[in-house]
Amino acid sequence: MALVARVRALLLPGSRLRGATLGRAANGGGAGARRALSHRVLVEADPAAGVAVVKFRNPPVNSLSLEMLTELGICLEKLENDKTVRGIVLTADRPGIFSAGLDLTEMCGRNPAHYAEFWKAVQELWLRLYQSNMALGAAINGTCPAGGCLLSLTCDYRILADNPKYTIGLNETQLGIFAPFWFKDTMVNTIGHRATERALQLGLLFTPAEALQVGLVDQVVPEDQVQSTALSVMSQWLAIPDHARQLTKTMMRKATVDQLLKHREADIQNFVSFISRDSIQKVLQVYLQKLRKKNH
Ligand SMILES: CC/C=C/C=C/CC(=O)SCCNC(=O)CCNC(=O)[C@H](O)C(C)(C)COP(=O)(O)OP(=O)(O)OC[C@H]1O[C@@H](n2cnc3c(N)ncnc32)[C@H](O)[C@@H]1OP(=O)(O)O
């Protein structure tokens, strides 16, 4: 289902998004600050600075479910059409978990049509973020595996909280699955080929010190300074004339984007046939059960 159709489905009677204030509501914050809210995404915009902070709030772990992907997509589209916003900082509403990555329940025990719809939504969000004309920063205030790491890698810079519990990386192989080529390319563009090959084959989750050393993040700062640092770095990016920064960004990312655009359908089919395998379903079920068992 395309984004528009998924949005309609979310707005059907009974949907949890129905009635949510996706538009902006005037309220407190800094002078002129505005807040907008959907169920899973909170936007705090500061028009004077030209920056919006987009906060994930999809408890318990900010996983990227189909609904979360859709709401984030809507929210980003609105911001892209808002002339007062030139930069976005992505962060978690509550510290602890930036995002646990793709929602595993979307990849387990469903039918091929669902897997295709889900994967298309993952592609759409990546394309929206990676091609965004706005300056994007990630204020990583929690652990950041797999799809969570991918979100942060679409940004122009990453600030990570200095907490050894907060690890970051594409750990797919540890689950018995693999990072698709465009996840890989996004990481290669950040830390280079050799470091990516090692990180992906071993499914490495880097501590803040390791992430800084390998170049996966740009700065590691005390936990209570993640957002303020991300905002102050944003002002450097916004000091550059938009058109010059945007043309440069497009030039740097075009080849990677074009690869996915060219192979989009094949990538969906690959995902569906891989994830539908009995052996892969079994591996994912076992992983999910292990996660759940911890709590019961
Ligand atoms: C070609 C194939 C391509 C596929 C690409 C996939 C990319 C991905 O993103 S796959 C997802 C990878 N993610 C992970 O490996 C992270 C798994 N989660 C964790 O490690 C932990 O949950 C945590 C993020 C470190 C947080 O730990 P903690 O605070 O202790 O919470 P938990 O008790 O573990 O979890 C609470 C609750 O959430 C459920 N859950 C956790 N992660 C996911 C997830 N990614 N998807 C769906 N659900 C998740 C977990 O099962 C718990 O559920 P309960 O029913 O409440 O027990």
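This is a working chat about one predicted model.

Colleague: What am I looking at, and how are residues numbered?
Modeller: Numbering starts from 1 along each chain as its sequence is written. The model is predicted, so local features need pLDDT of at least 70, side-chain atom pairs count only at pLDDT 80 or more, and totals for chains, interfaces and linings use all residues.

Colleague: How many helices and strands does the chain have?
Modeller: There are 12 helices and 11 strands. Both are DSSP runs numbered from the N terminus: helices are H or I with at least four residues, strands are E with at least two.

Colleague: How much of the chain is buried?
Modeller: Of the 296 residues, 40% are buried. Buried means that 20 or more other C-beta atoms lie within 10 Å of the residue's own; exposed means 12 or fewer, and partly exposed is in between, with C-beta atoms placed from the backbone.

Colleague: And what share of contacts joins residues at least 24 apart?
Modeller: Take contacts between residues at least 6 apart in sequence: 70% of them join residues at least 24 apart. A contact needs C-beta atoms, placed from the backbone, within 7 Å.

Colleague: Switching to the ligand. Which residues are closest?
Modeller: Gly101, Leu102, Ala146, Gly147 and Leu291 are the closest of the 27 residues that surround the ligand. A residue counts as near if its C-beta atom, placed from the backbone, lies within 6 Å.

Colleague: Which elements give two or more residues to that shell?
Modeller: They are β8 (142–145), α4 (146–153), α5 (172–175), α11 (264–276) and α12 (278–293). α12 gives the most, with three residues.

Colleague: How does the shell divide into nonpolar, polar and charged?
Modeller: It has 16 nonpolar, seven polar and four charged residues. Nonpolar covers Ala, Val, Leu, Ile, Met, Phe, Trp, Tyr, Cys and Pro; charged covers Asp, Glu, Lys and Arg; the others, Gly among them, are polar.

Colleague: β8 came up. What order do the strands take in its sheet?
Modeller: The order is β6-β8-β10, an open sheet of three strands with parallel pairing. Strands pair if DSSP finds at least two bridges between them.

Colleague: How many bridges join β6 and β8?
Modeller: Two, in the parallel sense. Gly96 stands opposite Gly142 in β8.

Colleague: What holds paired strands together in general?
Modeller: Strands of a sheet pair through backbone hydrogen bonds, either parallel or antiparallel.

Colleague: Next, β5. Are its faces covered or open?
Modeller: Both faces are covered: Gly87, Val89 and Thr91 are buried on one side, Ile88, Leu90 and Ala92 on the other. That is six of six residues in β5 (residues 87–92). Strand β4 (residues 51–56) pairs with β5 in the parallel sense over six bridges. Lys55 has Thr91 as its bridge partner.

Colleague: And β9, which strands does it pair with?
Modeller: Four bridges join β9 to strand β7 (residues 135–140), running parallel. Ile159 stands opposite Ala139 and opposite Gln219 in β11. Five of the five residues of β9 (residues 157–161) are buried.

Colleague: On to helices. How many residues of α10 are buried?
Modeller: Zero of its 21 residues. α10 (residues 242–262) reaches 28 Å from first C-alpha to last, close to the 30 Å expected at 1.5 Å a residue. That expected span is 1.5 Å times one less than the number of residues.

Colleague: Where does α10 bend?
Modeller: At Arg253, by about 50°. The bend is the angle between axes fitted to the seven residues ending there and the seven starting there.

Colleague: What do the buried residues of α6 pack against?
Modeller: α3 (112–130), α4, α7 (193–202) and α10. The buried residues of α6 (residues 181–191) include Trp182, Phe183 and Met187. Just after α6, Gly192 takes a positive phi of about 95°.

Colleague: Last pair. Why is Thr70 buried, and why is Phe274 partly exposed?
Modeller: Thr70 counts as buried because 23 other C-beta atoms lie within 10 Å. Phe274 is partly exposed because it has 14 C-beta neighbours inside 10 Å. Thr70 lies in helix α2 (residues 66–80), and Phe274 in α11.

Conventions: Two residues are in contact if their C-beta atoms, placed from the backbone, lie within 7 Å.
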